[in-house]
Amino acid sequence: MSASNYNWICFECRRATRQPKTARRVPVCTGCGAGLFCLGYKVGLPRKADVGGWRRLRVDCRARTLAAAAAETVAQVRRRHETERRTVRPAAADRR
Ligand SMILES: [Zn+2]
């Protein structure tokens with residue numbers, strides 16, 4: 001099994017497949033046809049019968065996705081403010 005392959009999972013069907021992260025398209029579930037979620041390679045998968053484990057995994061993944069989106073929003077605002085500071089400060093200095 002290649003180390004460059006990631007686990008792609010379907011929460012509904014509790015299925016997983018290993019595909020490269022750099023796949024040109026999102027792999028689809030062979031059970032329901034939905035697009036799979038890229039879990040990475042570090043997180044362990046619950047057994048298929050462990051419904052609670054899959055539910056917790058879904059909640060954890062959602063929390064991580066939301067945290068990453070929030071961090072990206074903060075980074076975008078910081079970049080925007082830095083750009084504004086660089087462009088506004090010289091004009092403010094001219095008014096003195
Ligand atoms: Zn599925």
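Trainee: Which residues does Leu 36 touch, not counting those up to four places away in sequence?

Mentor: This is a predicted model, and in it Leu 36 touches Trp 8, Ile 9 and Cys 10, then Thr 17, and also Val 26, Pro 27, Val 28 and Cys 29.

Trainee: Which residues make up the largest nonpolar core?

Mentor: That core has six residues: Leu 36 and Phe 37, together with Tyr 6, Trp 8, Ile 9 and Cys 10. Four residues, the largest share of the core, come from strand β1, which covers residues 5-10.

Trainee: And what percentage of the protein counts as buried?

Mentor: The figure is 8% of the 96 residues.

Trainee: Let us turn to the overall layout. In what order do the elements run from the N terminus on?

Mentor: The order is β-β-β-α, as the protein has three strands and one helix.

Trainee: How are the strands arranged in the sheet?

Mentor: They form an open sheet of three strands in the order β2-β1-β3, with antiparallel pairing. β2 and β3 are the edge strands, each pairing on one side only. Direction ignored, neighbouring strands of the sheet are turned by 40 degrees against each other on average.

Trainee: What holds such strands together in general?

Mentor: Strands of a sheet pair through backbone hydrogen bonds, in either a parallel or an antiparallel manner.

Trainee: Over how many bridges do β1 and β2 pair here?

Mentor: They pair over six bridges, in the antiparallel sense. Cys 10 is opposite Arg 15 in β2, and Asn 5 has Pro 20 in β2 as its bridge partner.

Trainee: And the other pairing, how many bridges do β1 and β3 share?

Mentor: There are three bridges between β1 and β3, again in the antiparallel sense. Ile 9 stands opposite Phe 37 in β3, and both of these residues belong to the largest nonpolar core.

Trainee: Back to the hairpin. How many residues lie between β1 and β2?

Mentor: Four residues lie between them, and Arg 14 is in the turn. Arg 14 has a positive phi of about 55 degrees although it is not a glycine.

Trainee: Why is Arg 14 classed as partly exposed?

Mentor: Arg 14 is partly exposed because 19 other C-beta atoms lie within 10 Å, and a buried residue would need 20 or more.

Trainee: What does Arg 14 contact, leaving aside neighbours within four places in sequence?

Mentor: Its contacts are Lys 48 and Trp 54. Arg 14 and Asp 50 are 36 residues apart along the chain, and their C-alpha atoms are separated by 9.0 Å.

Trainee: How much of the contact set in the protein, at a separation of 6 or more, joins residues 24 or more positions apart?

Mentor: Such pairs account for 38% of those contacts.

Trainee: One more residue, then. Where is Gly 40, and is it buried or exposed?

Mentor: Gly 40 is in strand β3, residues 37-40. Gly 40 counts as exposed because it has 12 C-beta neighbours inside 10 Å, and the exposed class takes in residues with 12 or fewer.

Trainee: What is in contact with Gly 40 beyond its neighbours within four places in sequence?

Mentor: Tyr 6 and Asn 7 are in contact with Gly 40. Gly 40 and Pro 20 are 20 residues apart in sequence, and their C-alpha atoms are 9.6 Å apart in space.

Trainee: Last topic: confidence. What is the mean pLDDT of the protein?

Mentor: The mean is 89, and 89% of the residues reach 70 or more.

Note on methods:
Residues are numbered from 1 along each chain as its sequence is written. This is a predicted model: local features need pLDDT of at least 70, side-chain atom pairs count only at pLDDT 80 or more; totals for chains, interfaces and linings use all residues. A nonpolar core is a set of buried Ala, Val, Leu, Ile, Met, Phe, Trp, Tyr and Cys residues joined through C-beta atoms within 7 Å. Helices (H or I, at least four residues) and strands (E, at least two) are DSSP runs, numbered from the N terminus. Two residues are in contact if their C-beta atoms, placed from the backbone, lie within 7 Å. Two strands pair if DSSP finds at least two bridges between them. Axes are lines fitted to C-alpha atoms, for helices over the stretch in contact, and angles run from 0 to 180 degrees between N-to-C directions. pLDDT is the predictor's confidence in each residue, from 0 to 100.
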